Amino acid sequence: MEPADMARTVELVQDVKTGNTRAFWDLMSIYEAMIYRFCYRKLLVKEAAEDAAKEAFIKAFEKIRTLKDD
């Protein structure tokens, strides 16, 4: 990941932590393909990978406010 990408990710996470749900959609659009590919490599079934990726994003949204700043 490029430093500019990481800076954008940090900015979006901070925005989500303050209640900006649109920022979470932006995070999803950045990472959804990567997360899906990871899930597919592990599960080898398209539907299962899609479900796992969705679950990962749901869990991330539920827990994002607990991330430490560093």
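## Basis of the model

Residues are numbered from 1 along each chain as its sequence is written, and side-chain values use heavy atoms, with hydrogens and water left out. In this predicted model, local features need pLDDT of at least 70 and side-chain atom pairs count only at pLDDT 80 or more, while totals for chains, interfaces and linings use all residues.

## Overall fold

The protein chain holds three helices and zero strands, where helices (H or I, at least four residues) and strands (E, at least two) are DSSP runs numbered from the N terminus. The order of the elements from the N terminus is α-α-α. Along the principal axes, the C-alpha atoms of the protein chain fill a box of roughly 35 × 25 × 20 Å.

## Packing of H1 and H2

H1 and H2 pack at an angle of about 145°, and their axes are 8 Å apart; axes are lines fitted to C-alpha atoms over the stretch in contact, and angles run from 0 to 180 degrees between N-to-C directions. In H1, Arg8, Thr9, Leu12, Val13, Asp15 and Val16 meet Ala23, Phe24, Asp26, Leu27, Ile30 and Tyr31 of H2 (contact means heavy atoms within 4.5 Å). This contact of H1 with H2 has eight nonpolar, one polar and three charged residues. Here Ala, Val, Leu, Ile, Met, Phe, Trp, Tyr, Cys and Pro count as nonpolar, Asp, Glu, Lys and Arg as charged, and the others, Gly among them, as polar.

## The largest pocket

The largest pocket has a volume of about 180 Å³. On a 1 Å grid over the protein atoms alone, a pocket is an open set of points where a 1.4 Å probe fits, with protein on both sides within 12 Å along at least five of seven lines, and lining residues have an atom within 4 Å of a point. A volume is the space filled by probe spheres set on the points, which are joined across faces, edges and corners.

Helices H1 (3–17), H2 (21–43) and H3 (46–63) each supply at least two lining residues, and H2 gives the largest share, five residues. The lining comprises 10 nonpolar residues, one polar and no charged.

## Aromatic pairs

There are three aromatic pairs, counted when ring centres of Phe, Tyr and Trp (its six-membered ring) lie within 6.5 Å; planes under 30 degrees apart count as stacked, over 60 as edge-to-face and the rest as tilted. The rings of phenylalanine 24 and phenylalanine 57 form an edge-to-face pair, because their centres are 6.4 Å apart and their planes at 85°. Since phenylalanine 24 lies in helix H2 and phenylalanine 57 in helix H3, the pair ties together parts that are 33 residues apart in sequence.
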